[in-house]
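Here are my notes from a look through this structure.

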Amino acid sequence: MTNKSTNKLILLGTKGGPAIRPNSSMPTSSLLLLDNQKIVVDAGLGVTQKLVNNQFDLRTLSTIFITHLHSDHILELGPLIYTSWATGLQSHVNVYGPTGLRDYWDNFLLSLKIDIKNRISNEGRIPLKNIARFHKAPLKTCKIGSIKAFSMKVHHPPLKECFAYKFVGTKTITFSGDTCYFPPLAKFAKNSHILVHEALLTEYVDTLVKKTGLGDKLRRHLLGSHTPLDKVIKIAKMANCKALVLNHLIPNDDPDYHREVWLKEARQHWNGPIMVGNDGLEIDL
């Protein structure tokens with residue numbers, strides 16, 4: 001990635017849920033390029049390759065925000081930091097998110113203890129354990145360069161700590177994280193240039209339950225923990241956001257529910273700028 005100062009949001013993975021199917025999108029991760037800062041939001045499976053494919057120099061990895069501890073958001077957090085280290089990263093990576101990330105990291109290091117020890121002794125690398133620094137999600141504010149970062153707890157049961165994030169610089173970008181319909185999010189995202197919000201087509205839930213064979217427990221989770229598309233748009237309207245980006249799509253790998261289906265449904269409720277997320281979507285800010 002060049003050093004050119006370009007503000008951009010890149011959706012790296014846009015799939016809701018951990019399952020991978022032929023020709024499907026990858027789980028959730030995004031890259032925000034804002035005011036000379038590079039911020040990774042979530043680290044689902046595939047994030048490292050997606051970053052490299054977008055000319056991101058892994059040796060410059062510095063800031064990661066994790067919304068919550070579901071696997072489709074953290075499965076590749078350890079491998080991302082490890083691969084960056086193996087590529088030549090020597091500076092600290094600040095990771096912000098819920099309680100439990102440090103335990104995840106410690107257990108990841110334990111799983112690769114032999115390899116890490118050998119690479120330090122045989123290749124002269126600095127200790128990997130010193131690379132990552134973990135911080136609680138910033139409920140007040142923290143500074144990432146000139147950017148102010150904020151978080152807000154959202155409701156995504158059964159997990160207790162799930163966060164939306166807002167980044168305020170020359171532009172304001174808000175990520176909903178995973179959440180059910182949560183009206184306080186509208187105030188948090190007020191006047192954002194872009195609101196990146198998860199979305200669920202409720203008419204697809206029975207199809208997905210049947211496809212997975214998981215039954216009523218999955219149905220209750222999907223309907224109780226995620227936001228139907230019409231409610232996403234309600235949040236966007238209350239927030240007076242300038243543009244809406246649909247992300248963490250459920251579904252996103254069923255040919256009967258392609259982009260035009262999402263847009264047709266959305267247009268019944270929203271006349272403003274809207275984008276249906278897909279892996280690799282670049283949005284100039």
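I looked up what Lys166 touches, with contact meaning heavy atoms within 4.5 Å. Leaving out residues up to four places away in sequence, I found Lys148, Ala149, Phe150, Thr172, Ile173, Thr174 and Phe188. This is a predicted model, where local features need pLDDT of at least 70, side-chain atom pairs count only at pLDDT 80 or more, and totals for chains, interfaces and linings use all residues. Numbering runs from 1 along each chain as its sequence is written, and side-chain values use heavy atoms, with hydrogens and water left out.

Lys166 sits in strand β9, residues 163–168 (strands are DSSP runs of E, at least two residues, and helices runs of H or I, at least four, numbered from the N terminus). Lys166 is buried (under 20% relative accessible area, 1.4 Å probe, protein chains only). I found no salt bridge for Lys166 (a side-chain nitrogen of Lys or Arg within 4 Å of a carboxyl oxygen of Asp or Glu). The nearest side chain of opposite charge, Asp35, is 14 Å away. A polar atom of the Lys166 side chain does lie 2.8 Å from the backbone oxygen of Phe188.

Next I checked helix α10, residues 259–266, whose buried residues are Trp262, Leu263 and Ala266. They fall within an arc of 95 degrees seen down the axis, so they line one face of the helix (the arc is that of the directions from the helix axis to the C-beta atoms). Their cover includes β11, α9, β12 and β13.

Last, I looked for disulfides (cysteine sulfur pairs within 2.5 Å) and found zero. The sulfur of Cys162 is 9.7 Å from its closest cysteine sulfur, in Cys180, too far for a bond.

Technical notes:
Buried means under 20% relative accessible area, exposed over 50%, partly exposed in between (1.4 Å probe, protein chains only). Lys and Arg count as positive and Asp and Glu as negative; His and the chain ends are not counted. A polar contact is a pair of N or O atoms within 3.5 Å; within protein, one must be able to donate a hydrogen and the other to accept it, and residues adjacent in sequence count only if both atoms are side-chain atoms.
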